Amino acid sequence: MQAEIEAFAAALGKASRAADNTVSNYRRDLRDFRSFLLARAAAVDSSGEEIDQRAITTDHIRSYLSEAMKSLSRATVQRRLFAIKAFFRWREMMAGVPSPARALRSPRTQRRLPAILPEDGVRRLIEADSEDGGPAALRDRAILETLYSSGLRVSELVGLNWRDLDDEVGMVLVRSGKGNKDRVVPIGEPALDALKAWRRAMPKAWELDGPVITNLRGGRLTPRAVENILARRIVTAGLGTSITPHGLRHCFATHLLDSGADLRSIQEMLGHASLATTQRYTHVSVNHLKEVYRRAHPRA
């Protein structure tokens, strides 16, 4: 089974052009499933070292998922089932062996609305600059302006190169590692101004193919470093709620929707393959929905 897991992961990366993180997660989930079967002595051959995959049943998978639900989130268990389903579907296609996971349904996910800031809260966050006004402060402001202005994932932000920015038309080319789907999104004047100020203050000479967001030694910044910068800025701004870089992406989408933007346009800017995904990012108050209905419907 171990060899087939590796073959499946390789096929997944090539055939479906899945993101590296997806391939890595699926491989890890399948290895965990295999370890579970070995530990429970389920479907083990006489040597006790490998698994006879023909003996794996739907009940084995149910037992594994039931055990996982005791310590993992529903979203994680759902992803593990997706990995198992994909693996056995691939094996069925390659070897003609019926999938024992076909009849299984994913557990219902718990929809939790991530914390967002009101527009005034975002303004306070962005404008809470440190007093020194040095390169680090200019970079940190450029980070927050860009995250909120264009709704980028933090991985997309740190992956930006200066060549990806078009100052004249106010657009940024986002090279997404999620599904290898690049997109072009607008970027506002305040964000462009903040990026230009940071570019002038960069500790090393910038290059077209060089990173936009760097540390003070000139190396590309990591997503974790951006999270830490945002956490410090929240304290400086005196905000009573915590928010992540992904939360700023959610603010971007929600504030656009509240101001009248349509879901399809927001979907394009966020780079979502499905409109349903965009709807999860954009919670709207009942009062706002009623107001839109009142203004738009001829017989409201």
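Arginine 79 and aspartate 29 form a salt bridge in this predicted model, with their closest N and O atoms 2.8 Å apart; the term stands for a side-chain nitrogen of Lys or Arg within 4 Å of a carboxyl oxygen of Asp or Glu. Since arginine 79 belongs to helix 4 (residues 74–95) and aspartate 29 to helix 2 (residues 20–39), the pair ties together parts that are 50 residues apart in sequence. Helices here are DSSP runs of H or I with at least four residues, strands are runs of E with at least two, and both are numbered from the N terminus. Buried means under 20% relative accessible area, exposed means over 50%, and partly exposed lies in between, using a 1.4 Å probe and protein chains only. A network of salt bridges links Asp29, Asp32, Arg79 and Arg80.

As for the basis of these values, the model is predicted, so local features need pLDDT of at least 70 and side-chain atom pairs count only at pLDDT 80 or more, while totals for chains, interfaces and linings use all residues. Residues are numbered from 1 along each chain as its sequence is written, and side-chain values use heavy atoms, with hydrogens and water left out.

Under the salt-bridge rule, the count comes to 18. One of them joins aspartate 140 to arginine 139, with the closest N and O atoms 3.0 Å apart. Aspartate 140 is buried, its relative accessible area being 13%, and arginine 139 is buried with a value of 7%. Another salt bridge brings together the side chains of aspartate 167 and arginine 199, at 3.5 Å from N to O. This pair links distant parts of the chain, 32 residues apart: aspartate 167 sits in the loop between strand 1 (165–166) and strand 2 (171–174), and arginine 199 in helix 8 (residues 189–201). Aspartate 167 counts as partly exposed, with 30% relative accessibility.

A step back shows the chain as a whole. The chain contains 13 helices and three strands. Of its 300 residues, 40% are buried. Among contacts with a separation of 6 or more, 60% are between residues 24 or more positions apart, where contact means heavy atoms within 4.5 Å.

Helix packing comes next. Two packed helices are described by the angle between their axes and the distance between the axes. Helix 6 (residues 135–150) packs with helix 10 (residues 245–258) at an angle of about 45 degrees, and their axes are 7 Å apart. Axes are lines fitted to C-alpha atoms, for helices over the stretch in contact, and angles run from 0 to 180 degrees between N-to-C directions. Helix 6 and helix 10 are therefore oblique to each other; angles under 35 degrees count as roughly parallel, over 145 as roughly antiparallel, 65 to 115 as roughly perpendicular and the rest as oblique. On the helix 6 side, Leu144, Leu147, Tyr148, Ser149 and Ser150 meet Pro245, Leu248, Cys251, Phe252 and His255 of helix 10. This contact of helix 6 with helix 10 comprises seven nonpolar, three polar and no charged residues. In this scheme, Ala, Val, Leu, Ile, Met, Phe, Trp, Tyr, Cys and Pro count as nonpolar, Asp, Glu, Lys and Arg as charged, and the others, Gly among them, as polar.

Helix 6 also packs with helix 5 (residues 119–127), where the axes come within 9 Å and cross at roughly 155 degrees. Helix 5 and helix 6 are therefore roughly antiparallel to each other. Glu119, Val122, Leu125, Ile126 and Glu127 of helix 5 meet Arg141, Leu144, Glu145 and Tyr148 of helix 6. Here the contact of helix 5 with helix 6 divides into five nonpolar, no polar and four charged residues.

Isoleucine 84 is placed in helix 4 and, at 0% relative accessibility, counts as buried. Leaving aside neighbours within four places in sequence, isoleucine 84 is in contact with Leu30, Phe33, Ile61, Tyr64 and Ala101. Helix 7 (residues 154–158) holds glutamate 156, which counts as buried at 3% relative accessibility. Not counting residues up to four places away in sequence, glutamate 156 touches Val174, Arg175, Ser176, Arg183 and Arg249. Leucine 157 also lies in helix 7 and counts as buried at 1% relative accessibility.
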